[in-house]
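Trainee: I'm new to this one and would like a close look at a single part. Could you walk me through it?

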Amino acid sequence: MTTDTSDSGQPTDRSDPTTGPDSATTPDRSSTAPDGPGTATGNAPTTGGAATTGGAATTSADTADPGAGRTGTTEPAGKATASEQRDAEPADRWSAFAPAAEPVPGRPARAVRAVGRLLVHEWLLAALASLALAVGMTWPALRYPRYTLPQDYWDPSLQAWQMAWSGHALRNEPSRLFHSNTFFPESWSFAFSDMLLGYAPAGMIGTGPEAALLRYNIMFVLAHALATFGAYVLARQLGAGRAGAAVAGVSYAYAPWLLAQAGHLHIVSNGGIPLALAMLARGHGWSLRHGYRPQRRHTGWAYAGWVVAAWQLSLGFGIGLVFAYVLAGIVLVAALTWALRRWVVRPVRHPFGRRLFVADLLGGLLFAGVGLLLAIPYFKVAELHPNAERTLGEIDIYSPPAMGFLTAPAESRVWGGLHEGARQMLSWPPEMTLLPGFVLYALALGGLFFSVWRLRHRLLLLAGVLVGMVLSMGTKFFGGTYTYALLFDHLPGWNGLRTPGRLMLWTTLLLGLLAAGAVSALAERIREVAAAGAPARPTPWLRVAAVLPVLLVAVEGLNVTPHPVVPEQPAVMRTVDGPMLVLPSSQNLDQPVMLWTTSRFQDVVNGGSGFTPTQLDDVRRVTAAFPDDTSVRYLRTLGVRNVVLLRDQIVGTPWETTVDAPVDQLGITREEVGDAVVFRL
């Protein structure tokens, strides 16, 4: 603490918060009337800078900062201190009629109030509403969650195994994470398709196929809830009202085209994209409606946004790769904006702040580091298996025509039956029926003319919608020469994407934001009309008009997705050791086999993924005549110890007659285990 000398010769304390930077003294606030000069509160009015208080004259020096008395000076004789003046003042006769002071709540009361505020907080209510909607919209996913899977039991069985394997490996043998128990004896087999590694913590809970199915169905419902909540939060952060944000959330999670992806959890798990974007925007104090507001910056939200973005990337590159490029584009635009604010438009030293810059630097490094670590296994797979590389010819097979944007999948309750003829004209309907919803189209179109967004922002959103549609068409847009094919040839990792139609995810999000602008403007207009009325509240018809868009979007997302019962795990899978081969073997038959291994995780030759390794092709070809000398010797060279034939699946195959043939001359043994036959090599 430093002192200085005032004009009256008394020292003052510069560290006192009441001492102004341009004045050496500050009047004692306790003895100065709050209403300014010419008023009195127990004091006589001042005259010529002097006042009479209790018969004693004081000068301005006597009302100096009370901190001066703490520096060792004393009051002149005959002077009254401020505290003595207050003691000498008569009590206010009307104070007895004043209301009693409000009691200060104790710690339990404050805790109860805090919990109450939390329970009615918008984000909590939005999260609970998203979860309740997800349970209803995905029903009957949670009706028999230990026995059924949504859409079919092929790819979902693979993904249920992926979650189980990642949890098992990280809990027991992390070094084997990418070298899974399937596709024996291949290495890096966990990277043969998107890994859903972000769900590994859930995979640590429970063992066996029933636990894996339960886990899958729970995550399936939660993925829809997160998608709804994430898009809602993003729209709110950008400046939309509650009703508009609800339209954006529901349309993003339950767009009709996504019903065809119900069997692909890595595509349905997209809620981290809008949630991360919302957190990053909030951390940087930016919104679409209000622009950049430095006073609203919050470094913690920026860190959270980068963490969520990295988690989303860990679920798979199928949609994560495009997300990474979008984030890179946002960072590039932000860097250019920073440079312009720093040196050109409005020179300031740190337009975004040092702490926020550090948060973006560390968060970006985290995101890039996660992406690089996850990409290494895929680079290894591409090196070991050249046939895993995609070609433009393969992309062309899955590229949808323009009519796909108006065609709904068979799983749509509203449009599925009506669009059956249109689907028959598509070569691969599951990846070509890209209807985001006619209601969403209409609301987005209205948002171009009537919206809370500025005109330039509406045009930017429209441009993003059109770019997303063009890229979603793959090679069907004038051959894709200057669109998808250009990215396929020059952007790293883009040639690993097999189905361009999944880029419709970004088109749906942008359409939802356009629609949110229109619905938000409608809600504001309703409030204005209600405020002009008497009483000033919306009529029932106005309230219906505010929520009707949300209801229509939700109805268009209703589904008739089947939930078939998964084949029961054979008892032999709980007793026989690996390495083993289960016959018959094919892409679809092997995926339930992968699920069955979750009891013991023994090594199996079987496996299903985005591509078929050459060695597995050879195994299926050579073992078509099993048991014979050629197949036995070949399997022994691979290290296979046991071969299991499932009797209920070999009807109509050559194994139906050879399964009971003598095997003594082959040097192997045969054993009946339940409804399966085990050959021990």
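Trainee: Which residue in β10 is the bridge partner of Val673?

Mentor: Ala676 is the bridge partner of Val673 in β10. Before going on: this is a predicted model, so local features need pLDDT of at least 70 and side-chain atom pairs count only at pLDDT 80 or more, while totals for chains, interfaces and linings use all residues. Residues are numbered from 1 along each chain as its sequence is written, and side-chain values use heavy atoms, leaving out hydrogens and water.

Now, β9 and β10 (residues 676-680) run antiparallel, joined by five bridges. Two strands pair if DSSP finds at least two bridges between them; strands are DSSP runs (E, at least two residues), and helices are runs of H or I (at least four), numbered from the N terminus. Both strands belong to an open sheet of four, ordered β7-β8-β10-β9, with mixed pairing. At the edges sit β7 (580-583) and β9 (669-673), each pairing on one side only. From one strand to the next, the twist averages 20° (axes are lines fitted to C-alpha atoms, and angles run from 0 to 180 degrees between N-to-C directions).

For a look at a helix, take Ser520, which lies in α19 (residues 504-532). Ser520 counts as buried because its relative accessibility is 2% (buried means under 20%, with a 1.4 Å probe and protein chains only). Not counting residues up to four places away in sequence, Ser520 touches Ala240, Gly241, Gly244 and Val452 (contact means heavy atoms within 4.5 Å). Ala243 is 277 residues from Ser520 in sequence, yet 6.3 Å away in space, C-alpha to C-alpha.

Methods:
Buried means under 20% relative accessible area, exposed over 50%, partly exposed in between (1.4 Å probe, protein chains only).
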